[in-house]
Amino acid sequence: MAATLHIEHAITDLATWLTAFAGFADARSRAGVTTQRIHRPLDDDKYIYVQLDFEGVGQAESFKKFLE
């Protein structure tokens, strides 16, 4: 069963955050991320939502532990 890991948090600025996010591209690939989506609310440019899709719940749970 496919799973989506939903992450949301405050950021200081998008350019800095995107650079940091790009730095973890290999880790996401090794963890089995199949699709990633990045969203920002219209009314708050200092907040971000990330959705990472995995083929299974176990992969999503393992990556969540890695991030914590």
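At 43% relative accessibility, Lys-64 counts as partly exposed; buried means under 20% relative accessible area, exposed over 50%, and partly exposed in between, with a 1.4 Å probe and protein chains only. The structure is a predicted model, in which local features need pLDDT of at least 70 and side-chain atom pairs count only at pLDDT 80 or more, while totals for chains, interfaces and linings use all residues. Residues are numbered from 1 along each chain as its sequence is written, and side-chain values use heavy atoms, with hydrogens and water left out.

**Salt bridges**

The side chain of Lys-64 meets that of Glu-68 in a salt bridge, with 3.0 Å from N to O. The term denotes a side-chain nitrogen of Lys or Arg within 4 Å of a carboxyl oxygen of Asp or Glu. Glu-68 is exposed, with a relative accessible area of 68%. A search of the whole structure finds two salt bridges. Asp-53 and Arg-37 also form a salt bridge, their closest N and O atoms being 2.8 Å apart. This pair links distant parts of the chain, since Asp-53 lies in strand β3 and Arg-37 in strand β2 (residues 35–39), 16 residues apart. Asp-53 is buried at 15% relative accessible area, whereas Arg-37 is partly exposed at 27%.

**The chain as a whole**

The secondary structure comes to three helices and three strands; helices (H or I, at least four residues) and strands (E, at least two) are DSSP runs, numbered from the N terminus. Along the sequence they follow the pattern β-α-α-β-β-α. The C-alpha atoms fill a box of roughly 35 × 20 × 20 Å, taken along the principal axes. Of the 68 residues, 28% count as buried.

Ile-48 has its place in strand β3 (residues 47–54). Leaving aside neighbours within four places in sequence, Ile-48 is in contact (heavy atoms within 4.5 Å) with several residues, including Ile-7, Leu-14, Trp-17 and Ile-38. The C-alpha atoms of Ile-48 and Lys-64 are separated by 17 Å.

**Aromatic rings**

A pair of aromatic rings is described by the distance of the centres and the angle of the planes. Rings of Phe, Tyr and Trp (its six-membered ring) pair if their centres lie within 6.5 Å; planes under 30 degrees apart count as stacked, over 60 as edge-to-face and the rest as tilted. A search of the whole structure finds five aromatic pairs, and the table gives two of them.

| Pair | Centre distance | Plane angle | Type |
|---|---|---|---|
| Tyr-47 and Tyr-49 | 5.5 Å | 70 degrees | edge-to-face |
| Phe-54 and Phe-63 | 6.0 Å | 45 degrees | tilted |

Tyr-47 is partly exposed, with a relative accessible area of 22%, and Tyr-49 is partly exposed at 25%. Phe-54 and Phe-63, by contrast, are buried. Phe-54 and Phe-63 form one aromatic cluster with Phe-24 and Phe-66.

**A nonpolar surface patch**

Phe-24 and Phe-66, together with Leu-67, also make a nonpolar surface patch of about 300 Å². Patches are made of residues with over 30% relative accessible area and no salt bridge; like charges are joined within 9 Å, and nonpolar side chains (Val, Leu, Ile, Met, Phe, Trp, Tyr) within 5 Å. Accessible areas come from the Shrake-Rupley method with a 1.4 Å probe, and for residues only the protein chains shown count as cover. Leu-67 lies in helix α3 (residues 57–67) and is partly exposed, at 45% relative accessibility.
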